[in-house]
Amino acid sequence: MEFIPGWPGQDVFPPQPMVSQIRDVLERYAANGGRVEMEMLEGSGHGPHIDAADRWSEIFFDFLGSI
């Protein structure tokens, strides 16, 4: 689509499966006795503590209060 001039495309730089990679790590942690809670914040990107601050804070501080 050439939205980014000079970008060689998905063949050279494919999207990274970040969510599935993180989920795999957290599931292994949980399987070894760790405590994990996973949340997907709709419309949030790489900085949920910024772009979904109210909901992120609620989840984060509830989690801290429960350990």
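Read from the N terminus, the chain's elements run α-α-α. This is a predicted model. Three helices and zero strands are present. The chain has a radius of gyration of 17 Å, whereas a compact globule of 67 residues would be near 11 Å.

**Overall dimensions**
- Along the principal axes, the C-alpha atoms fill a box of roughly 50 × 30 × 15 Å.

**Burial and surface**
- Of the 67 residues in the chain, 9% are buried.
- The chain's accessible surface is about 6,000 Å².
- Carbon and sulfur atoms account for 58% of that accessible surface.

**Nonpolar patch**
- Five residues form a nonpolar patch on the surface: Phe-3, Ile-4, Trp-7, Val-12 and Phe-13.
- Together, these residues have about 590 Å² of accessible area.
- Phe-13 sits in the segment before α1, the helix that spans 18-31.
- Phe-13 has a relative accessible area of 49%, so it counts as partly exposed.
- That class lies between buried, under 20%, and exposed, over 50%.

**Charge**
- The chain carries 4 positive and 11 negative side chains.
- The centres of these two sets lie 10 Å apart.

Conventions:
Residues numbered from 1 in each chain as written. Predicted model: local features only at pLDDT ≥ 70, side-chain atom pairs only at ≥ 80, totals over all residues. Heavy atoms only, no water. Patch = residues over 30% accessible without salt bridge, like charges linked within 9 Å, V, L, I, M, F, W, Y side chains within 5 Å. Areas by Shrake-Rupley, 256 points an atom, 1.4 Å probe, with all protein chains shown as cover. Salt bridge = Lys/Arg side-chain N within 4 Å of Asp/Glu carboxyl O. Helix = DSSP H or I, 4+ residues; strand = E, 2+ residues; numbered from the N terminus. Buried < 20%, exposed > 50% of the residue type's maximum accessible area, 1.4 Å probe, protein only. Rg over C-alpha atoms; globule rule 2.2 N^0.38 Å. Lys, Arg positive; Asp, Glu negative; His and termini not counted. Charge placed at Lys NZ, Arg CZ, Asp CG, Glu CD.
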